[in-house]
Amino acid sequence: KRLIFIGPPGSGKGTQSPVVKDEFCLCHLSTGDMLRAAVNAKTPLGVKAKEAMDKGELVSDDLVVGIIDEAMNKPKCQKGFILDGFPRTVTQAEKLDEMLKKRGTEIDKVLNFAIDDSILEERITGRWIHPSSGRSYHTKFAPPKTPGVDDLSGEPLIQRKDDNAEVLRSRLKAFHSQTEPVIDYYGKKAVLTNIHAEKPPQEVTAEVKKALS
Ligand code: AP5
Ligand code: ZN
């Protein structure tokens with residue numbers, strides 16, 4: 001399966017991806033996770049991306065298209081993939097179509113994690129992540145067994161630098177102006193399914209699995 005998960009910050013893309021990935025043996029390609037790893041490692045890509053990410057603005061199309069083009073060549077992605085947080089502009093969507101055409105494939109399904117903005121601040125400000133695995137927790141909705149500690153590795157959890165109310169506002173602005181047109185783009189291609197992303201995590205998982213069955 002070749003899938004795209006679209007939705008605003010905190011809508012549950014990163015929470016649902018590992019479940020779907022395991023169920024269908026796919027690779028999980030999160031441009032946000034890949035960019036954060038590059039920022040931490042201070043690679044040339046990370047240095048270029050950091051400023052926009054800290055402000056909650058989008059990184060340039062060329063940078064993220066390059067990352068995805070490279071990642072799709074990995075052996076583990078040949079069976080299929082979940083694109084989490086990509087494409088986020090119509091230009092990225094068009095470039096993705098070209099990349100897939102070159103490989104003789106196309107997108108099977110786009111899941112739109114639809115949710116009201118008003119719910120997202122609580123989700124974002126309560127999130128704690130384990131950077132090396134990408135696992136995320138929430139102080140209220142998905143607490144770790146020990147506060148501040150990853151359940152599986154025992155390593156410390158951290159908060160993302162962009163997970164505060166102020167930067168969330170600019171991330172939402174970017175979503176509405178630049179990413180919502182991408183939802184229309186896939187609506188026209190008849191591959192789009194809307195998910196009720198405001199429901200509790202297990203109910204969202206059930207809806208996602210149903211959409212993909
Ligand atoms: P990215 O990392 O993609 O961030 P985002 O889009 O803002 O999305 P989030 O990761 O915040 O949301 P999510 O849907 O994954 O939420 P989660 O499941 O963790 O991008 C970061 C930055 O990188 C961008 O701002 C941009 O600068 C740059 N970038 C990335 N991709 C780019 C691109 N293609 N082009 C240009 N720039 C790009 O859930 C959130 C919290 O809620 C968690 O704590 C979770 O436990 C909890 N939760 C999840 N589901 C539920 C539920 N159903 N009920 C209750 N709580 C829940
Ligand atoms: Zn995410």
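## The sheet

Strand β4 (residues 109–114) is joined to β7 by five bridges, and the two strands run parallel. Strands here are DSSP runs (E, at least two residues), while helices are runs of H or I of at least four residues, both numbered from the N terminus. Two strands count as paired if DSSP finds at least two bridges between them. Within this pair, Ala114 stands opposite His196 in β7.

The pair belongs to an open sheet of five strands, ordered β2-β3-β1-β4-β7, with parallel pairing. At its edges are β2 (27–30) and β7 (192–196), each of which pairs on one side only. On average, neighbouring strands of this sheet are turned by 20° against each other, direction ignored; the axes are lines fitted to C-alpha atoms, and angles run from 0 to 180 degrees between N-to-C directions. Strands of a sheet pair through backbone hydrogen bonds, either parallel or antiparallel.

## Basis of the description

This is a predicted model, in which local features need pLDDT of at least 70 and side-chain atom pairs count only at pLDDT 80 or more, whereas totals for chains, interfaces and linings use all residues. Residues are numbered from 1 along each chain as its sequence is written, chains are lettered from A and ligands numbered from 1 in the order in which they are written, and side-chain values use heavy atoms, with hydrogens and water left out.

## Surroundings of ligand 1

Ligand 1 is surrounded by 35 residues, the closest being Thr15, Glu57, Arg88, Arg127 and Arg171. A residue is counted as near if one of its heavy atoms lies within 4 Å of the molecule. By class, this shell holds 14 nonpolar, 11 polar and 10 charged residues. Nonpolar covers Ala, Val, Leu, Ile, Met, Phe, Trp, Tyr, Cys and Pro; charged covers Asp, Glu, Lys and Arg; the others, Gly among them, are polar.

At least two shell residues each come from α1 (13–24), α2 (31–40), α6 (120–125), β6 (135–138) and α8 (201–212). Helix α2 gives the largest share, four residues.

## Polar backbone atoms at the ligand

Oxygen atoms of ligand 1 lie 2.8 Å from a polar backbone atom of Lys13 and 3.3 Å from one of Ser11. A nitrogen atom of the ligand is 3.0 Å from a polar backbone atom of Val59. The protein covers 96% of the 1,000 Å² of accessible area that ligand 1 has on its own, by the Shrake-Rupley method with a 1.4 Å probe.

## Lys210

Lys210 lies in helix α8. Lys210 counts as exposed because its relative accessibility is 68%, and exposed means over 50% (buried is under 20%, partly exposed in between; 1.4 Å probe, protein chains only). The C-alpha atoms of Lys210 and Glu180 are separated by 24 Å, with the two residues 30 apart along the chain.

Note on methods
A polar contact is a pair of N or O atoms within 3.5 Å; within protein, one must be able to donate a hydrogen and the other to accept it, and residues adjacent in sequence count only if both atoms are side-chain atoms.
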